[in-house]
Amino acid sequence: MSKVDFTVENIDAEMIIAKKTIQKEIPLPEGYEYVPFSNQYQDKISALYKELNININLDEKIQSQREIFKNHCLLVTLKNELVGFLCLLKDESQCLYLACTAVKEGHQHKGIGKAMISKCCMNFDRIKGKYPLYAKVNAQAYNEIKLLSKMEFTPFLGQTSTKSEEESVQDWERITKILKEKQV
């Protein structure tokens with residue numbers, strides 16, 4: 001959501017939310033609007049990530065999951081300027097997760113991220129499937145962890161495709177220490 005804090009240890013983790021936890025979509029602030037994903041926004045999304053120091057290979061994700069990008073990405077604009085992006089993707093185990101979340105500086109702390117997350121969760125609830133919704137997070141983006149926690153996402157302490165249960169627990173212990181130090 002906000003700039004990545006490189007003074008903090010780089011720890012990847014996951015959060016989880018059960019289906020139908022978010023009961024109401026939060027509207028975007030006045031003047032902001034959702035636009036459908038199209039390739040014309042690809043460079044603008046990459047520029048947004050660069051501005052926020054987010055290192056995501058968007059081209060690779062789009063090529064590997066084109067149908068998901070077409071149907072499950074949220075782009076937010078203000079007067080035709082891209083200010084926010086969020087996507088629902090699949091990981092190696094075919095579980096769905098929130099990813100690529102970004103809100104342009106100057107537009108943060110206005111409820112855009114919260115609105116996008118609520119809309120994505122409501123859209124997820126309409127998808128048939130047995131999996132809960134995950135969110136990939138990083139300790140360096142601790143404000144995103146704070147926002148997701150407020151929206152009832154909780155740390156996932158189980159085994160993932162890349163970590164054992166013990167590693168997930170240890171990572172969240174380290175992330176919790178960082179959150180306390182940063183007073184998040």
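Analyst: Let's start with pairing: β5 and β6 run parallel and are joined by two bridges. Strands here (E, at least two residues) and helices (H or I, at least four) are DSSP runs numbered from the N terminus, and two strands pair if DSSP finds at least two bridges between them. In this pair, Y97 sits opposite Y134 of β6.

A quick note on the source: this is a predicted model, where local features need pLDDT of at least 70 and side-chain atom pairs count only at pLDDT 80 or more, while totals for chains, interfaces and linings use all residues. Residues are numbered from 1 along each chain as its sequence is written, and side-chain values use heavy atoms, with hydrogens and water left out.

Back to β5, which also pairs with β4, this time antiparallel, through six bridges. There, F85 faces A102 of β5.

Now for the core. A nonpolar core is a set of buried Ala, Val, Leu, Ile, Met, Phe, Trp, Tyr and Cys residues joined through side-chain atoms within 4.5 Å. The largest one has 39 residues, and L98, I117, L133 and F153 touch the most other members. Elements giving two or more residues to this core include β4 (81-90), β5 (96-103) and β6 (133-138), but α4 gives the most, with eight residues.

Zoom in on L98: leaving out residues up to four places away in sequence, its contacts (heavy atoms within 4.5 Å) include I117, L133 and F153. Another core, of 23 residues, lies apart from the largest one and has A99 among its members.

Notes. Buried < 20%, exposed > 50% of the residue type's maximum accessible area, 1.4 Å probe, protein only.
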